[in-house]
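Subject: Handing over the two-chain model

Dear colleague,

I am passing the structure below on to you, and my notes on it follow. Please read them with the structure open beside you.

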Amino acid sequence: MKTKVVVAMSGGVDSSVAAALLKQQGYEVTGMMLRLWSEPGKEDSNRCCTPDAMALARRVAARLEIPFYAVDAKEIFRSTVVQAFLDGYDRGLTPNPCLICNRQVRWEFLLDHALALGADYMATGHYVRLVAGEDGQRQVLRARDRSKDQSYILHVLSQEKLARALFPVGEYPKTEVRALARQFDLPTAERADSQDLCFLGGEDYRAFLRRNAPGRFTRTGPIVNRAGQVLGRHQGLAFYTIGQRKGVGLASPIPLYVLEKDVATNTLVVGDEHELGRSELVAERVNWMNGAPPAGPFWAEVKTRYTAREAAAVVEPLDGGSVRVCFDQPQRDITPGQAAVFYAGDRLLGGGLIT
Amino acid sequence: MRLPLSPEGDSPRRNFLMVKAMDTIYLDYAATTPLEPRALEAMLPYFSERFGNPSSIHRYGQQAEAAVDTARETVAGVLNCRSEEIVFTSCGSESDNLAMRGVLAALREKKGDRWLLTSRAEHHAVSKTAEQLSDQYGFQLEWLEVDEFGRVRPETVARALSDQTALVSVMYANNEIGTINPIREIADVCHRAGVYLHTDAVQAAAYLPVDVAALDVDLMSIGAHKFYGPKGVGALYVRKGTPLAPALTGGGQEFGLRAGTQNVPYIVGLAEALRLTAQEREERSEHVRPLRDRLVGRVLEEVPESRLTGHPETRLPNHASFVFRGVDGNLLLTLLDGAGFACSSGSACKTGNPEPSEVMTALGLAREWALGSLRVTLGVQSTPDEVEAFSKVLPGLVKKARSLRAVQA
């Protein structure tokens, strides 16, 4: 019996090549694609699962002669990912929906479907590498192509999930993945990479918030500086992000940046560039890739956003699944709701949500 | 030559070319059927040496024309009508379109009648056409309600008829739930009011007699691939004297009702497949009916919260259809395919966006039932072993589908 793999396909080049590589390696491959949620009336603009993307994934499956199935995930996507997105903004956070999607939709809901279909593994087109550690556990390594590395998002996976995971494109640079797509003659070879959140359909998140939770985020309040001086009024805290400069709407001789959002007093705190940045953060709900927190503080490279550069820091495990992270240098973009993710060299150690 | 069609006999199976290349058991004969090898054989010369255009004067043309005329006579023989009452089309849907658009356009021209009556359980070929005729062409549309079995009652038709009614269209047998409509009774009601009746017999033709004189219909659609003929060819019976405007204009082919060079090999294939279907109708029915009955019994017995949809008796003999409460029909089909069984559903959507079909809704089923529909349709190649294997696997898969996802109302 061949080993069975379900490939989570998106109609993009990476998951297509993942499927092609696995097929070439002799696995029995099945394609599955999630039908995600889109705003009513905007079903054609969801970036990952528009009818076009699905038609493309179907063509890839036909090209590879593998079965392909669509799985309806609208309800779970809406009730977990979209809901957490809205709730996060409500609490003054800048949530990262991809983390929730990977934890609850892709690596739980879809994985369950794959296993129900008899799969031994589920594969995705993520750029990460997976190796067996000395203790038999699975270790996640950053992708060979650092510029495409997606380990930040996958810090949410447990050993149990990793034991079922395959990431075939993590060994390749993106350019080579495209070349492979051409070699395999896949119709997705020239498809542009997706960037934004799938359910925003390329639109600014602020318009989405206004439409989907009218009234909830539009409570105006004061804009103050660190000295407590009132400089103006904001349009609702959800519409600002830490580090944001443009669009704050203040006339000032020096550029002002969003420093902090105080939900309790509905206050937006701004300041100049020198005031930006923190040396410390606390992250909660930390997932440790090897399943348990280390005994004490340790040095690590820490990423505070998907696109941020890693910075040296001491990570100190606290009680209740949290950590304190102290950076060598102040970091500009520490944003509550995003994840702080820890590495030792290429190896992913874990991560949690910045409070 | 008659073929043995006993469940044990393997000759009808051997007679089909469908290669069992996939290890999936095919239980979706209402979607389409494999091509009857004897029909294929009849078709082959018309792809090569007998390639002529039936409209041509020369002998090539005459040869092709003769093939089309012979096919027309064969079809007319099965339908018990005159050969000039048969129009060849490209499929069942085109036949439906020609019937509806053709009669309505002609009658509006002639008498000004604008009303069209059709049932809520029709195939999209009829219902979408009816909607467009109403939305864009100024015709008036009234939907006929169906009973809990999806049947159109003659009284319902009688109540809806008026002197403005141009056409009634009611399907002979339902594709999703297998229910057979009382076409003859509906025809009587229509004709008493001087109204024309069209029936979509696409799903029915594989198993039910398609004698237009006995049914007393004015127009009847069939499509070849449902009765072991090729895809891409259909026919419409048009009773002589029925006003009909062509839906496809151009050359004078098909009595000026359907322009375009005839698809000679496919027309030959349709006729041969239909001839064999008529000849073997009893045997085929006797082959599938007990298998179907066994399947229905097993499923209803062994799957909790399951129901048969459609009429328990007045239904196509190869047709079983169910709803399971709290199941995503799409997911069930995926699991079934994964387990090696090809079936279908009334809510199937290849893009994973399940919605209950109009037919399920017309039956009055609640959403949590209607989303969990399953259609299992047998054919001459089906065997007791296949039914047994399916019956064994289904309860576990329904359970799995339920545990993966709770479908709510």
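In what follows, helix axes are lines fitted to C-alpha atoms over the stretch in contact, and angles run from 0 to 180 degrees between N-to-C directions. Helices (H or I, at least four residues) and strands (E, at least two) are DSSP runs, numbered from the N terminus. This is a predicted model, in which local features need pLDDT of at least 70 and side-chain atom pairs count only at pLDDT 80 or more, while totals for chains, interfaces and linings use all residues. Residues are numbered from 1 along each chain as its sequence is written, and chains are lettered from A and ligands numbered from 1 in the order in which they are written.

I begin with a helix pair in chain A. The axes of helix α1 (residues 13-24) and helix α6 (residues 174-183) of chain A come within 9 Å and cross at roughly 60 degrees. That angle makes α1(A) oblique to α6(A), a term for whatever is not under 35 degrees (roughly parallel), over 145 (roughly antiparallel) or 65 to 115 (roughly perpendicular). On the α1(A) side, V13(A), D14(A), S16(A), V17(A) and A20(A) meet V177(A), R178(A), L180(A) and A181(A) of α6(A), where contact is taken as C-beta atoms, placed from the backbone, lying within 7 Å.

Turning to the domains, whose bounds come from an automatic or database domain assignment, chain A is divided into domain 1 (4-199), domain 2 (218-275) and domain 3 (278-354). The centres of domain 1 and domain 3 of chain A, taken over C-alpha atoms, are separated by 25 Å, and 19 residues of domain 1 of chain A are in contact with 17 residues of domain 3 of chain A. Strand β6 (residues 138-142) of chain A supplies the largest share of the domain 1 side, four residues.

For chain B, the assignment gives domain 1 (11-30 + 280-404) and domain 2 (39-277), with 28 Å between their centres, taken over C-alpha atoms. Here 24 residues of domain 1 of chain B are in contact with 22 residues of domain 2 of chain B, and the elements giving two or more residues to the domain 1 side are α10 (281-302), β10 (319-324) and α12 (358-362) of chain B.

Between the chains, 13 residues of chain A are in contact with 14 residues of chain B. On the chain A side, β3(A) gives the most, with four residues.

With best wishes

Methods: Two residues are in contact if their C-beta atoms, placed from the backbone, lie within 7 Å.
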